[in-house]
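Please keep the coordinates open while reading.

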Amino acid sequence: MEPTFLILIAGILVFSGCGQRSEMPEAQMVVLIGIDGMSILGFQRAATPNLDNLVRKGALSFKTRSVMPSVSGPNWASHLMGAGPEQHAVTMNGWTRETSKIPPADTDEDGYFPSVFSVIRQQIPQARLGFFYDWDALMFFTNPKNIDKIVYAESFPGTFEMATPWIIENQPEFTFIYVGHPDEVGHEFKWESPEYIRSLVEVDAAIGELFRQLKEARLFEKIHFIVVSDHGGIEYGHGGISQEEMVIPWMISGPGVIRDRMIEQPNDVYNTASTIVSLLGLEQPVSWIGRPVFGAFKGSDLSKQNTNAYVQDPVANIKSGLYTSAEYLSLSVHYPEAEIRFTMDGSNPGEDSELYREPLFIDKDTRVKAMAFRETFRSRITEAYIKLVLPVEKIHLRPMPCQKYFSEGAETLINRVIASGEFTDGQWLGFESKDIEATLDLPKISAISTLTVGYLNNPFSWIFPPTFINIQGSVDGETFFDLGNFDETQITAQAKAGRNELRLMLPASVDVKYIRVNAGNAGVCPPGHSGEGKPAWLFVDEILIQ
């Protein structure tokens, strides 16, 4: 009985796989457009009518993850090779076969991991394949002998100017167009800066001209377009594991693609190559781990789950954070047919929530949640938590933190940036075996009611909660009086792994100009700890006064 049962199960699996594959349309031409550094927030903030129209005609994913590290080389290799760095071995920018730290898991006779180009060339020898790019490092990843047309340009307008006539003339099975402009601008001016948003607008205009000429040549409706990014960014860079860096937009349109829908299934960058070869009716190599994005195609079981259309998330003019004065919070979307509804009590907005009409005046701690609606469709929730704190004019700290965890020195405790749960994020001050004393000088005598101290609890890294915290106030800077104390028992009772906050809430507001915070260090790692008897660390970040 057992062999019969196994054969039956195998048959079911094969039938299921074929059923999914049968739902894939047969593509004549596929054009992959790679926009380096395009973040989800950037895509939504920028006025990109051509990409927006592509999404209306097709499908969009906001659940696509880059591979780690979230840098360009490994991710473009993954888009083109149907696998991650563990397989194709591209682990850094500037990768070459000679500098590779590990060999690829699978190679051709020239030492290259299988790419979408080599797979197409092997199974469709007469196929026409093009590669147009403006970052020279890209050509080290794939075997150039499989590509008919390889063109490097100094800038993205030149890339499109050369790619467009070649596509029209040759009607290639597959073309890759790479644009590095937004990534370059993000590194120079910051991600989500006005300059960065403008770079996406400029790239969209170039894409629009490509679309216009393809329409004139009566090719546009025949082509499957896939537009992808490799990573987002934070401040001036990327490479970490934050949502802003790791989760990126992925969009597709063309014959057989669902229209005006969001792809809700999880997606990965290495699924791009699998989708391309599947559209062309080809088999992918065993060494690929990617899968076609079946949820993007009509008739598949997965696509039937994708019932929501793309509605731009409301964009707030200010971010969640700490502010020293009241603020006006504005919300906007590009589409006039979309309306924004919001809440200010922490609940999720719905169709019956208050309609946004004008900027919201925020003069106390407030959590604003907003959602855009278009017909029966809705966006994701945009959330902004505004916390108002008193400004601090000066801070005196003793002793100074260890040089390795110095950050901005004492100013780190009042820079209104909340540290993460990672002690290496640059927002923590680290003290080895030493108690600390911080004295904060307010601009003027002020009534305070709440004081919060942030600390880190990570025993595995020899970082322990404070053994005590004593908080004092003063009007003249000479005579201090107690405001509150926390002993080790109280602190330990509420400590959790990662970042913690100790909040002192006074029964009545107290006038002070100076506040002194003393915090105790455990001194040494406790008995039974892997570092027993070795120096213990105390990590603190923000001292907030309200």
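## Overall architecture

The protein holds twelve helices and 26 strands, where helices (H or I, at least four residues) and strands (E, at least two) are DSSP runs numbered from the N terminus. This is a predicted model, in which local features need pLDDT of at least 70 and side-chain atom pairs count only at pLDDT 80 or more, while totals for chains, interfaces and linings use all residues. Residues are numbered from 1 along each chain as its sequence is written, and side-chain values use heavy atoms, with hydrogens and water left out.

Along the principal axes, the C-alpha atoms fill a box of roughly 85 × 60 × 60 Å. Of the 546 residues, 55% are buried (under 20% relative accessible area, with exposed over 50% and partly exposed in between, for a 1.4 Å probe and protein chains only).

## Packing of H3 and H9

Helix H3 (residues 49-57) packs against helix H9 (residues 194-216) at an angle of about 60 degrees, the axes being 7 Å apart; axes are lines fitted to C-alpha atoms, for helices over the stretch in contact, and angles run from 0 to 180 degrees between N-to-C directions. The contact (heavy atoms within 4.5 Å) involves Pro49, Asn50, Leu51, Asn53 and Leu54 of H3 together with Asp204, Ala205, Ile207, Gly208, Phe211 and Lys215 of H9.

## Gly321

Gly321 lies in strand E11 (residues 321-323) and is partly exposed, with a relative accessible area of 25%. Leaving aside neighbours within four places in sequence, Gly321 is in contact with Tyr385, Ile386 and Lys387.
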